[in-house]
Amino acid sequence: MKFEVTILGSSSATPIFNRNPTSQALNVNEKLYLIDCGEGTQQQMLKFDVKASRIEHIFISHLHGDHYLGLVGLLSSLHLNGRVKPLNLYCPRLLKDIIDLQLVSSETELQFALNYTFTNPEKAETILENQDVSVETIPLDHGMACTGFLFREKKRMRKLIKEKVEELNIPIEYYSALKKGSDYISPDGKVYENDVLTIDSAEPKTYVYCSDTLYNEMYFEQISNATLLYHEATFLNNMLERAVETHHTTALQAAEVATKTNAERLLIGHFSARYKTLNELLDEARSVFPLTDLAVEGRVFAIGDQ
């Protein structure tokens with residue numbers, strides 16, 4: 001099952017010549033989920049071959065412009081391109097007012113339904129669950145209503161041991177029950193236990209998206225043991241005072257989060273425009289948590305072994 005994230009934007013409040021504001025496209029079993037939608041996201045989707053028409057769920061962490069100002073344009077393009085299937089939006093309640101005002105002002109009536117689920121910045125909640133994934137909100141500390149998102153794979157069915165199944169000439173109509181854990185009883189009455197005929201599927205993997213936040217252990221338990229942890233890392237630690245003032249995290253702190261929550265891998269992003277190159281941020285994080293990568297735009301990161 002495919003479980004990977006494409007980085008569309010990794011800058012913080014303002015874009016610079018080679019980095020756009022925050023946005024990511026998560027592919028779960030060939031279904032696309034858009035996480036945040038900063039200015040320029042549409043151009044990035046075109047550049048990196050992310051098909052807007054395949055997106056059914058959009059998650060907006062908070063209402064600072066670098067995380068949502070590309071959304072109205074995206075909705076308009078989907079409308080103009082003839083989209084009719086519903087689009088699900090998970091966001092702060094006030095975003096509906098912003099979108100409604102824009103649609104009224106432009107005399108636009110979308111051809112597709114826009115279904116809202118409003119996030120609660122005060123407590124973690126499951127906001128989406130389907131056959132592939134469940135999604136929880138992560139309350140964060142950014143000085144305004146802000147949530148991260150935890151994407152958890154659903155446990156897959158057991159896998160048949162092909163050689164054993166063929167050896168016993170088990171009819172195909174039994175395969176579904178075997179994958180669900182049932183034993184097999186042969187025509188002569190012999191019982192074959194399920195673990196002889198199948199193997200367990202891999203443990204579900206998780207992708208944790210920690211948007212803008214002050215370093216705060218309140219969310220550590222919820223995000224523990226992430227397969228891949230994305231965490232904002234706006235500043236180097238020599239600007240810790242500025243990070244605290246603006247409710248952001250440093251690269252060093254992001255690495256400490258990964259260490260304390262037992263993440264398998266760390267991805268850092270949301271870089272201040274003051275940094276023209278990112279090597280110092282990466283080096284600082286790796287000094288604490290070696291398995292760290294930069295959220296470089298256009299890169300695709302597999303979540304766990306694929």
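Strand β3 (residues 31-37) has 6 of its 7 residues buried, so the rest of the structure largely encloses it. Buried here means under 20% relative accessible area, with exposed over 50% and partly exposed in between (1.4 Å probe, protein chains only). Strands (E, at least two residues) and helices (H or I, at least four) are DSSP runs, numbered from the N terminus. This is a predicted model, where local features need pLDDT of at least 70 and side-chain atom pairs count only at pLDDT 80 or more, while totals for chains, interfaces and linings use all residues. Residues are numbered from 1 along each chain as its sequence is written, and side-chain values use heavy atoms, leaving out hydrogens and water.

On one side, β3 runs antiparallel to β2 (residues 23-28), joined by 6 bridges; two strands pair if DSSP finds at least two bridges between them. N27 has L32 as its bridge partner in β3. The two strands make a hairpin with 2 residues between them, and N29 in that turn has a positive phi of about 55 degrees.

β3 also runs parallel to β4 (residues 55-59), through 4 bridges, and L34 sits opposite I58 there.
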